[in-house]
Amino acid sequence: MPQTVLFLTLPGVMALDLTGPAETLRLAGDRFALRYIGPQESVLSSTQMTIASIEPLPESLPPDSLLVVPGVCDSAIWFATPQAEAARRWLQRQQPLLRARQLSLICVCSGALLAAQAGLLDGVQCTTHHEVLSRLKAAAPAALVKENRVFVDDDNIWTSAGITAGIDLSLHLINRLCGAQTALEVAREMVVWFRRSGDDPQLSPWLRYRNHLHPAIHRAQDAMIAHPEHGWSLEDLAARVHVSSRHLARLFRQHLGISVRDYHEQLRLGIARQRQQQGEGAEKAALAAGFSSARQLRRARDRWRDQLTQ
């Protein structure tokens with residue numbers, strides 16, 4: 001019998017927070033039955049798309065249901081509506097089911113804030129989008145808020161960071177409930193080749209150091225990202241982007257606060273992590289990422305352990 005998944009659908013819902021997990025779970029076959037519930041029959045989403053035929057908030061839930069609470073495009077506005085207040089009161093009534101482990105709660109992005117306001121995250125390890133973390137802490141001082149995490153699971157309560165992290169969390173749920181092979185098949189169907197784990201930082205090395213406007217640095221980063229396994233020397237890279245090696249090193253330090261070598265190593269660590277998440281052994285993953293051995297990979301991870309988990 002399919003497991004029921006209920007999506008709490010409110011005005012202003014982030015379209016991808018809703019459709020990303022829904023599409024991911026749908027691709028798992030007949031394992032899940034998707035339903036959309038809320039205090040009103042139709043809502044306007046963040047993309048100005050109307051979502052209709054929403055079921056009323058049910059008085060009772062099927063056993064072992066999954067309840068998904070997507071985020072909204074501006075939580076300060078859309079979680080202050082009468083509809084959001086009705087949803088909060090309804091969520092409060094689900095506390096006995098949560099405590100009895102008869103219901104699993106899945107919050108995507110700022111959806112964690114609504115759950116926190118309903119008192120569902122007290123004493124729970126949780127996360128949300130990095131821009132909402134301070135408000136989550138204020139809404140639930142007793143919650144154990146984790147920063148810079150893609151998603152966090154605490155028994156039967158799951159929370160995730162922004163937008164696409166809902167897909168990562170859904171794949172993780174499929175892995176947990178349906179097995180690794182099904183999760184891998186869904187990921188491949190969606191062309192999501194590498195599933196992030198909950199311990200991965202929200203900002204990967206592909207994104208963390210791209211918040212600048214210098215064209216030479218962008219060209220250097222593009223070259224390393226295209227072939228992170230290549231043994232890029234500072235001189236080779238500088239010649240590729242038409243600056244001196246000394247100038248390129250100075251640009252990285254000035255604009256990124258990191259050396260060229262360290263940036264390249266973080267890319268390689270990201271590749272190795274992704275490979276191992278797909279089931280490759282440490283030695284094979286290390287070689288594919290450009291490390292000389294699994295031992296060199298371990299040493300690199302040890303050097304970056306504190307920085308990559310902050």
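Let me start with Asp64, which at 48% relative accessibility counts as partly exposed, a class that lies between buried, under 20% relative accessible area, and exposed, over 50%, with a 1.4 Å probe and protein chains only. What we are looking at is a predicted model, in which local features need pLDDT of at least 70 and side-chain atom pairs count only at pLDDT 80 or more, while totals for chains, interfaces and linings use all residues. Residues are numbered from 1 along each chain as its sequence is written, and side-chain values use heavy atoms, with hydrogens and water left out.

Asp64 is found in the loop between strand 4 (50-51) and strand 5 (65-69), where helices (H or I, at least four residues) and strands (E, at least two) are DSSP runs numbered from the N terminus. Although Asp64 is not a glycine, its phi is positive, at about 60 degrees. His242 also has a positive phi, near 65 degrees, and is likewise a residue other than glycine; His242 lies in the loop between helix 11 and helix 12 and is exposed, with a relative accessible area of 68%.

Which residues of helix 12 are buried? They are Leu248, Leu251, Phe252 and Leu256, and because they cover an arc of only 100 degrees around the axis, they sit on the same side of helix 12, the arc being that of the directions from the helix axis to the C-beta atoms. On the other side of helix 12, Arg246, Arg253 and Gln254 are exposed. The buried residues pack against helix 10 (215-226), helix 11 (234-241) and helix 13 (260-277), with contact taken as heavy atoms within 4.5 Å. Just after helix 12, Gly257 takes a positive phi of about 70 degrees.

Finally, two glutamines. Gln94, in the loop between helix 3 (82-92) and helix 4 (95-99), is buried at a relative accessible area of 5%, and its side chain reaches the backbone oxygen of Trp90 at 2.9 Å. Not counting residues up to four places away in sequence, Gln94 touches Leu61 and Leu103. Gln95, placed in helix 4, is buried at 18% relative accessible area, and, leaving aside neighbours within four places in sequence, Gln95 is in contact with Ala118, Gly119 and Leu120.

How values were computed:
A polar contact is a pair of N or O atoms within 3.5 Å; within protein, one must be able to donate a hydrogen and the other to accept it, and residues adjacent in sequence count only if both atoms are side-chain atoms.
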